[in-house]
Amino acid sequence: MNYKEYELPKLDFEYDALEPFISKEIMELHYTKHHQAYVSNLNVALKELKVAVEENNLNKTVSLQSSIKFNGGGHINHSLFWKMLAPKSSGGGVCPQGKLKTALEKKWGSLQNFQDKFNAFVAPLQGSGWGWLGYSPISQNLVFHHTHNQDPLEPVTGLIPILGIDVWEHAYYLQYKNVRLDYLKQIWNVVNWEYCSKIYEKLLNN
Ligand code: MN3
């Protein structure tokens, strides 16, 4: 059972590049402290899992699952999140094009209405979690979903993430205080729709 330890992925932009919508302070803490902690704790849990499996220690093996789900989910979710954001100067906030644009407009009428409905769906999420625009391979439809804590969308629900927004307080509190909806309204300015559109087109072509 050999494997490579997980690492923090490289960011495609500077910490201050999403300002004024996401502050440098939030971005730096979020990436270097929060995301790093998920990666480090995942590696610790996997190291312990390796030993537990080799020792046929089933109690220990089972007890490690929640840490792997939480920290592994945190790593999956944040790695996606950084790709799904882009500074304005690199196309952040530019409306989706192609098939994703068509699908969003077909279902929600307009991009603005889609964003309003997404915000209204995600803002009331109790506690910490993520808001998602997912693709259901079964209904072949775009759907809203939210997951709690660091539950990653695809492994937990089977939906494929097209867009994921972190709504843990650490993602916005230093700038938007307790007003999660204000953060959600502003984040559309830095959504990397080009990246999201590529995921969607790839799914349709498979
Ligand atoms: Mn986070």
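Biologist: How are the donor residues of the manganese ion spaced in sequence?

Modeller: In this predicted model, the donor residues of the manganese ion follow the spacing H-x47-H-x87-D-x3-H. They are His30 (NE2), His78 (NE2), Asp166 (OD) and His170 (NE2).

Biologist: What makes these atoms donors of the manganese ion?

Modeller: A donor is an N, O or S atom within 2.8 Å of such a metal. The named atoms lie 1.9 to 2.1 Å from the manganese ion, so they meet that limit.

Biologist: What is known of helix α1, and where is its kink centred?

Modeller: The kink in α1 is about 35° and is centred on His30, which is one of the manganese donors. Helix α1 (residues 24-54) has 31 residues and reaches 44 Å from its first C-alpha to its last, close to the 45 Å expected. Just after α1, Asn56 takes a positive phi of about 50°.

Biologist: Why is His75 called buried when its relative accessible area is 10%?

Modeller: The cut-off for buried is under 20%; His75 has 10%, so it is buried. His75 is in helix α3. Setting aside residues up to four places away in sequence, His75 touches Tyr6, Glu7, Pro9, His35, Tyr38, Val39 and Leu42.

Biologist: Which residues of the largest nonpolar core touch the most other members?

Modeller: That core has 51 residues, and those touching the most other members are Phe114, Leu133, Leu142, Ile162, Tyr183 and Trp193. Helix α9 (residues 193-205) gives the most to this core, with five residues. Apart from it lies another core, of seven residues, including Leu42 and Ile68.

Biologist: Why is the pair of Phe70 and Trp168 called tilted?

Modeller: Ring centres must lie within 6.5 Å to pair, with planes under 30 degrees apart counted as stacked and over 60 as edge-to-face. The centres of Phe70 and Trp168 are 6.2 Å apart and the planes are at 50°, so the pair is tilted. Phe70 lies in helix α3 and Trp168 in the loop between β3 and α7 (173-176), so the pair ties together parts that are 98 residues apart in sequence. Phe70, at 32% relative accessibility, counts as partly exposed, whereas Trp168, at 15%, counts as buried.

Biologist: How do you know that Trp130 and Trp132 are stacked?

Modeller: Their rings are 5.6 Å apart centre to centre, with 20° between the planes; planes under 30 degrees apart count as stacked, so the label follows. Trp130 is buried at 0% relative accessibility, and Trp132 is buried at 0%.

Biologist: How many aromatic pairs are counted by this rule?

Modeller: The count comes to 20 aromatic pairs. Ring pairs also link Trp108, Phe114, Phe118, Phe121, Phe144, Trp188 and Trp193 into a cluster.

Notes: Residues are numbered from 1 along each chain as its sequence is written. This is a predicted model: local features need pLDDT of at least 70, side-chain atom pairs count only at pLDDT 80 or more; totals for chains, interfaces and linings use all residues. Side-chain values use heavy atoms; hydrogens and water are left out. Donors are N, O and S atoms within 2.8 Å of the metal (3.2 Å for Na, K and Ca); water is not among the atoms, so sites may look incomplete. A nonpolar core is a set of buried Ala, Val, Leu, Ile, Met, Phe, Trp, Tyr and Cys residues joined through side-chain atoms within 4.5 Å. Buried means under 20% relative accessible area, exposed over 50%, partly exposed in between (1.4 Å probe, protein chains only). Helices (H or I, at least four residues) and strands (E, at least two) are DSSP runs, numbered from the N terminus. The expected span of a helix is 1.5 Å times one less than its number of residues. The bend at a residue is the angle between axes fitted to the seven residues ending there and the seven starting there. Contact means heavy atoms within 4.5 Å. Rings of Phe, Tyr and Trp (its six-membered ring) pair if their centres lie within 6.5 Å; planes under 30 degrees apart count as stacked, over 60 as edge-to-face and the rest as tilted.
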